[in-house]
Amino acid sequence: MRVAVCDYGAGNVRSVLAAFTRLGADARSAHDPDDVLAADLAVLPGVGSAASAMRGLRERGLDAALHTRVAAGGRTLGICLGLQLALEESEEDGGVLGLAILPGRAVRLREGRVPRIGWAPVEPVPARPESARADSGLVPSFGEAFYFAHSYAAETPAATAHSEEIVAAAEEGCFLGVQFHPEKSGAAGARFLAGCLSRA
């Protein structure tokens, strides 16, 4: 199983690579758009600011590669900032246009402690009608606690899971984005990533 982890300067590429490697995947850092297009599963990770992340994606041509991949039905996973970048826009850094793979926008958390850091339960939202968008094929069964570290969160009609009333997962077509960090979520995170591999 070939996993391409988009490397555009984000801070958690190594930990994501290590998590997939532990599961037996051939996980590699992807700087080249062709590597993103050829993989069985592409991963858009992210730690940092939306503006610098989008700049890094554009400079490497990875933004276009992700659009092409998703349009062709290639399974793709976004993690933390990767979920937020997949939205149409983010209010971070004064406003940043995203990849528009998912509908909606990323907004700064307005309640509770910010940044929101720690373990929290993730529960699925009620299934959307059959007439709604096709699912990514990657969604595992939620119902466990995962590790979060974020100051922004998605507002999107594509939400498939919540955590304490915050969007924890969203999907559109073959793209699944999660706000939590599966690579830092111990056994629960490993089960989540193994589920993604089995569905890719």
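How many salt bridges does the structure hold? There are 7 salt bridges, a salt bridge being a side-chain nitrogen of Lys or Arg within 4 Å of a carboxyl oxygen of Asp or Glu.

This is a predicted model, in which local features need pLDDT of at least 70 and side-chain atom pairs count only at pLDDT 80 or more, while totals for chains, interfaces and linings use all residues. Residues are numbered from 1 along each chain as its sequence is written, and side-chain values use heavy atoms, with hydrogens and water left out.

**Stop 1: salt bridges**

Select D26 and R28. The two form a salt bridge whose closest N and O atoms are 3.0 Å apart. D26 has a relative accessible area of 33% and is partly exposed; R28, at 56%, counts as exposed. Here buried means under 20% relative accessible area, exposed over 50%, and partly exposed in between (1.4 Å probe, protein chains only).

Next, select R105 and E89. Their salt bridge has its closest N and O atoms 3.6 Å apart. R105 lies in strand β7 (residues 105-108) and E89 in strand β5, so the bridge ties together parts that are 16 residues apart in sequence. Helices (H or I, at least four residues) and strands (E, at least two) are DSSP runs, numbered from the N terminus. R105 is partly exposed at 28% relative accessible area, and E89 is partly exposed at 35%.

R110 sits in the loop between β7 and β8, and E91 in the loop between β5 and β6 (96-97), which puts the partners 19 residues apart. R110 is exposed, with a relative accessible area of 60%, whereas E91 is partly exposed, with 24%. With all four residues displayed, the view shows a network of salt bridges linking E89, E91, R105 and R110.

**Stop 2: S90**

Stay in strand β5 (residues 89-90) and select S90. Is S90 buried or exposed? S90 has 4% relative accessibility and therefore counts as buried. A polar atom of the S90 side chain lies 3.1 Å from the backbone nitrogen of E92. Leaving aside residues up to four places away in sequence, S90 touches A50, G95, V96 and A106; contact means heavy atoms within 4.5 Å.

**Stop 3: aromatic pairs**

Now display the aromatic side chains. Rings of Phe, Tyr and Trp (its six-membered ring) pair if their centres lie within 6.5 Å; planes under 30 degrees apart count as stacked, over 60 as edge-to-face and the rest as tilted. By this rule the count comes to 8 aromatic pairs. W119 and Y147 make an edge-to-face pair, 6.2 Å centre to centre with 70° between the planes. This pair links distant parts of the chain, with W119 in strand β8 (residues 116-121) and Y147 in strand β10 (residues 145-150), 28 residues apart. W119 is exposed, at 51% relative accessible area.

Move to F146 and F180, a stacked pair at 4.2 Å centre to centre and 25° between the planes. F146 is in strand β10 and F180 in the loop between β14 (175-178) and α6 (186-199), so this pair joins parts that are 34 residues apart in sequence. Both F146 and F180 are buried. Then show R116, which lies over the face of F148, 4.4 Å from the ring centre. For this, CZ of Arg or NZ of Lys must be within 6 Å of the ring centre and within 35 degrees of the ring normal.

**Stop 4: I79**

Select I79, in strand β4 (residues 76-79). I79 is buried, with 0% relative accessibility. Which residues does I79 touch, not counting residues up to four places away in sequence? They are N12, V16, V43, L44, P45, G46, V178, F180, H181, P182 and E183. The C-alpha atoms of I79 and V178 are separated by 5.2 Å, though these residues are 99 residues apart along the chain.

**Stop 5: cysteines**

Finally, select C174 and C196. A search of the whole structure finds 0 disulfides, a disulfide being a pair of cysteine sulfur atoms within 2.5 Å. For C174, the nearest cysteine sulfur is that of C196, 13 Å away. C174 is buried at 6% relative accessibility, and C196 is buried at 0% relative accessible area.

Note on methods
Polar contact = N/O pair within 3.5 Å; in protein donor to acceptor, adjacent residues only side chain to side chain.
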